[in-house]
Amino acid sequence: MDNKPYVQFFDSGSASEHDLLGGKCASLVTMTAAGMPVPPGFAVTTAAYDAFVDAAGLRDEISAKLGTLDPDDLVAVDSVSAGIRDAICSRPVPDAVRSEVVAAYDAFQARFATEVPVAVRSSATAEDLPGASFAGQQDTYLWLIGLDSVLKHVRACWASLYTSRAILYRLKNAIPDEGLSMAVAVQKMVNSRVSGVAITMNPTNGDRSKIAIDASYGVGEMVVSGQVTPDNLLLDKVMLTVVSQTIGAKHAELVPDFGEGRLVEREVPPERRVVCSLSADEVTEVASMAKRAEKHYGCPQDVEWALDSDLPAGESLLLLQSRPETVHSGKAAPPAKSATPTTPGFSMAGITATLTNRKPS
Amino acid sequence: MTVTSSAMKSFPKPSALTVPPGAEGWEKLYPYNLVFQNLSGAEDEKFWFCDSQHWPTVFKPFETIGGEFAVKCLGQYNTRHLLIPPANGIEFKIHLGYLYMSPVPVPEAEIPARVPEFERRAGHYFQNWDTLLESWRTKVRATIDEMEALSFDALPEMVPFEDIVSGKAKDGSEKLMENYDRLIQLLYQNWQYHFEFLNLGYVAYLDFFGYCKELFPGIPDQSIAKMVQGVDMELFRPDDELKKLASLAVELGLQTAFEDTDDVAGTLERVGAREGGGQWVDAYTAAQDPWFNFTVGNGFYGHDKYWIEHQELPLGYIKDYIRRIDEGHQIMRPVDELVAERDRVIAEYRELVDGDNLALFDAKRGLAATAYPYVENHNFYIEHWTMGVFWRKVRALGQVFADAGFWPHRDDMLYLTRGEVRDAIFDLVTGWAVGSEATGPHYWPAEIDRRRGIVEALSSARPQPALNTPPAEITEPFTMMLYGITTEQVQQWLAGDESGADGVITGMAASPGVVEGIARVVHSADQLGEVQEGDILVATITAPSWGPIFGKIKATVTDIGGMMSHAAIVCREYGLPAVTGTGSGSTTIKSGQLVRVDGNTGRVEILKG
């Protein structure tokens, strides 16, 4: 345990170790390695949490407090939860851990012209346990600016292991606290210049030889929620060439207001509306990434992506989320004619049918 | 962006076209059956399109032979050999010097009856493709050899004494007549052979094409082409031979001997005198047969230059390849990469085909991959090799006439129809036999001048892309495949004047990629020397022998041709973007303009003029 790193960059090339990184960060590392660049950042590993808990003398303290707890006494649970979380947020972090996290944060920010806002998210090791979903209990903090704020929220993520709900859940499901740990993701907030979705099939007919891309300016929410008509492109998946393209109206875009730490809607000027929001190269990049995602996951994917203004051209495409395409997933892949006889060797009847535009009898 | 009118416009009627000044009486240049004779009736109604892909310039009377033999023989295989269910042949006429075609569909009611015969006949070919193709090569080669052996010599002052002794009792003039007739017959023979496999190659391709479009709606035509196209093709052999010779010259350190390649004899002498030069000259000589039977044109015109007779052309290309090797360029085609890319494309589409259809996909692709390469490879044997020998013999005969005072230059014979040549031979031998003057020298020089004037006048006008009212939809598969004549293409022609107005020209996305560069407009092979490294080649049409140019340029734009035109094939081979069949690229774009060629979408944009 002692030689485990306290931090690991998503793009460091190091292995994706679930116990060290937690589910979320492990997946971010895996995706980056598979050519599906997620927003850049680094993990504060479970080793960092463990070192902190040990140095702060919290391990025995926590297990003593939980050992006698009655799950039905909600007042007592709340009080124990508050005590533990307060301790996690206030006890000193060992210098070795702190200095590694600070160095990682500085190295991360050095990649950008000016300091960029980050998101801090918890990455638990237990989230993949079947039936033991922590959904909704993991914390995500957005638009954080500055080291102090980041460090504070890393602790907040650690502390989220001991919310009342989490304590109760483990007690009721008899999940031991032993070995419980938490990694934290520190990740760039995406500054979307253009964003959208890519589906690795033609969603109108299930043709799997196509990739459909919706793209619009700004953050993708307006595309996903249907508030703007995006540009729509259909590409051939093998050749990555555009088969058809419709320029959408794209009348508005959501862009981040860093000062306010929120998104604001603004109107897109007419001259930007009539051109495709993606250049030809960007179209190819988006389609290639969607294709890689499909190959990686082994089934058609619905990919959310964005082009980040803070990243250099050629590296600015980010994958925000990839999930299995569900609409056509149950159906037979291509809309092929099923009546076609399967003949070994060529079929003259088939050739005649092609020439005469008739189905073979 | 809005469509102003949905009403179907028409192309002009042939009878309504104006005859260019000086071309009056042009109809009489050509045999009666090649000219519209029924302009008050069907011929002024039927839809005709101009085949400027094969005949971009005005026919001299003798040159109609290529058009006649080619299109007639194409028809016979559809109509009489294979009974292609929906398609008979293609009617053809010459109007104002250019060739117009009208595909002949099979009446709907007659199609079913043709199906069993078609399947029996085409099935036989598909099942025995390799064996039949092997004997094709043998018989085509035999035709060429026989043609090569024909001679056209001046008649002797007197019949040789041994003929007197042997009682031969013939004066030799019959040889001139026989050889001429035999030359025409042999050419006709190889044109019959030409189409033996061609239509079937297209059928197999169309079959796979249609199946791919059904499996993967909207699949790019390029993908389908890539999956069946041969990589190591005979069509590329002549160019490959020059590259090998250039590499050998560099290996042997002979570069400086190639300084003045316009001086063919001198160059070969300089090379031969160097150490190792003998080895190079041997290799050069060996490559000539048959690979220098290669024309800078398309084989259909008497003025086409062939490498074998104009060795300054291949030597010039070799010189250029040598320069590029010395500059560190890789000149050989990346064959391994091309094969790998083709295999990737096939594998990725295969993965998308579900189990039941996979065997069919493989069978159709397999057949197309077997049959289709003929479509590209035959070109060397017929258009280049056969036609090269043919035109050389025609020139030899022309010289016999020139020596007898019929006309000043051997090529003047091209102003006679082939029927008139036959008559002129009898005129020639009669004068010679009688011991009087032949009539020709008193008739032909003035007549040829008159005809030359008409041909020049006709050449001053470009052909109409089509005549009369097009059908609402073009469905005939061969017309679409061979000529790229699709409903969209016809609509685009009709839109005609508007295209290019906004600096955008559209055509077929024939080879992928997007580049920007300086346009170089080339109207004939003679201008190829103007093409600079990194230019974008803009041409009416390209020819196989332009191969060496493709190593220099960044992209190609042509007026004429489809997915399987020469420019498309070569550009895919060289990994260059190509937009073909733009209709007006070479007249809209000017040399020196900065253009952007998008081979993915078929768009050419003039960025700066």
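Into which domains is chain B divided? In this predicted model, where local features need pLDDT of at least 70 and side-chain atom pairs count only at pLDDT 80 or more, totals for chains, interfaces and linings use all residues. Residues are numbered from 1 along each chain as its sequence is written, while chains are lettered from A and ligands numbered from 1 in the order in which they are written.

Chain B is divided into domain 1 (14-114 + 462-481), domain 2 (131-222 + 365-458), domain 3 (234-335) and domain 4 (499-608), with bounds that come from an automatic or database domain assignment. The secondary structure of chain B comprises 19 helices and twelve strands, these being DSSP runs (H or I, at least four residues, for helices; E, at least two, for strands) numbered from the N terminus.

The centres of domain 1 of chain B and domain 2 of chain B, taken over C-alpha atoms, are separated by 22 Å, and 28 residues of domain 1 of chain B are in contact with 23 residues of domain 2 of chain B, a contact being a pair of residues whose C-beta atoms, placed from the backbone, lie within 7 Å. On the side of domain 1 of chain B that touches domain 2 of chain B, helix 1 (64-81) and helix 15 (477-483) of chain B each supply at least two residues, and helix 1 of chain B gives the largest share, seven residues.

For chain A, the average pLDDT (the predictor's confidence in each residue, from 0 to 100) is 86, and 89% of the residues score at least 70.

How values were computed
Contact = placed C-beta atoms within 7 Å.
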